[in-house]
Amino acid sequence: MYSILETLDLYRSQVLLGLILFSLLLFLLFLIQEYRVSKLKKKYKKLLVGNDGKNLEEILFKNIDMIDSMKLRIKNLDEKSDLLNEKVKSSIQKVGMIRYNAFDDMGSDLSFSVALLDENDTGLVISNLYGRNESISYGKPVINGESEYKLSIEEIQAIDRAKRKSLYMEDKVRRATR
């Protein structure tokens with residue numbers, strides 16, 4: 001025991017310097033931890049802002065319930081959207097019209113053919129032939145851009161215009177979404 005005290009007495013300044021350095025190291029570690037704890041406290045306070053002291057667990061469960069409810073609503077909206085998209089496919093989307101003179105002695109292009117088609121080019125073409133004493137209207141079914149009835153040149157042109165307008169609109173939509 002006496003030899004330890006003698007050694008300490010002999011190296012007192014070095015031991016004291018070592019203890020001071022060790023104390024400074026511990027103090028530095030304390031400051032680092034204090035900084036980390038203060039950051040955590042700020043985050044915790046930010047979490048609780050505007051919650052009137054409510055339990056954080058209660059808030060989280062409430063938010064999880066809201067998210068589940070929103071997921072269900074989104075799923076329902078997706079299903080409705082799919083149904084509407086299916087209905088839209090069979091609605092009239094393409095319209096083409098041609099005005100012309102059906103008879104040589106008439107002027108002003110009073111006769112016309114109108115094509116009304118859906119997404120699959122299915123629908124009908126309606127023609128009206130205007131004459132001095134009478135006007136005749138008739139319609140022909142169109143399936144996939146074709147008709148089982150003989151089509152006049154004007155009716156074919158009306159169907160082609162309807163198809164082209166659709167391509168024009170699709171191109172316009174494609175450009176707008178870029």
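Author: A residue counts as buried when its relative accessible area is under 20%, and in this predicted model that cut-off places Asp 121 among the buried residues, because its relative accessible area is 15%.

Reader: Which side chain does Asp 121 meet in a salt bridge?

Author: The general idea is that side chains of opposite charge can pair when their charged atoms come close. In this structure the partner of Asp 121 is Lys 94, with 2.5 Å from N to O. Asp 121 lies in the loop between S2 and strand S3 (123-130), while Lys 94 belongs to strand S1, so the pair ties together parts that are 27 residues apart in sequence. Lys 94 is also buried, at 7% relative accessibility.

Reader: How many salt bridges are there by this rule, and where does Glu 86 stand relative to Lys 89 in helix H3?

Author: The count comes to four. One of them joins Glu 86 to Lys 89, whose closest N and O atoms are 3.4 Å apart; the two residues are three apart in helix H3 (residues 56-89), which means that about one helical turn separates them. Lys 89 is partly exposed, at 34% relative accessibility. Another salt bridge links Arg 12 and Asp 9 at 2.1 Å, N to O, where Arg 12 is exposed at 52% and Asp 9 partly exposed at 47%.

Reader: Which elements each supply at least two residues of the largest nonpolar core?

Author: That core has 10 residues, including Ile 98, Tyr 100, Leu 117 and Ala 158. Leaving aside residues up to four places away in sequence, Ile 98 touches Phe 112 and Ala 158, among others.

How values were computed
Residues numbered from 1 in each chain as written. Predicted model: local features only at pLDDT ≥ 70, side-chain atom pairs only at ≥ 80, totals over all residues. Heavy atoms only, no water. Core = buried A, V, L, I, M, F, W, Y, C linked by side-chain atoms within 4.5 Å. Buried < 20%, exposed > 50% of the residue type's maximum accessible area, 1.4 Å probe, protein only. Contact = heavy atoms within 4.5 Å. Helix = DSSP H or I, 4+ residues; strand = E, 2+ residues; numbered from the N terminus.
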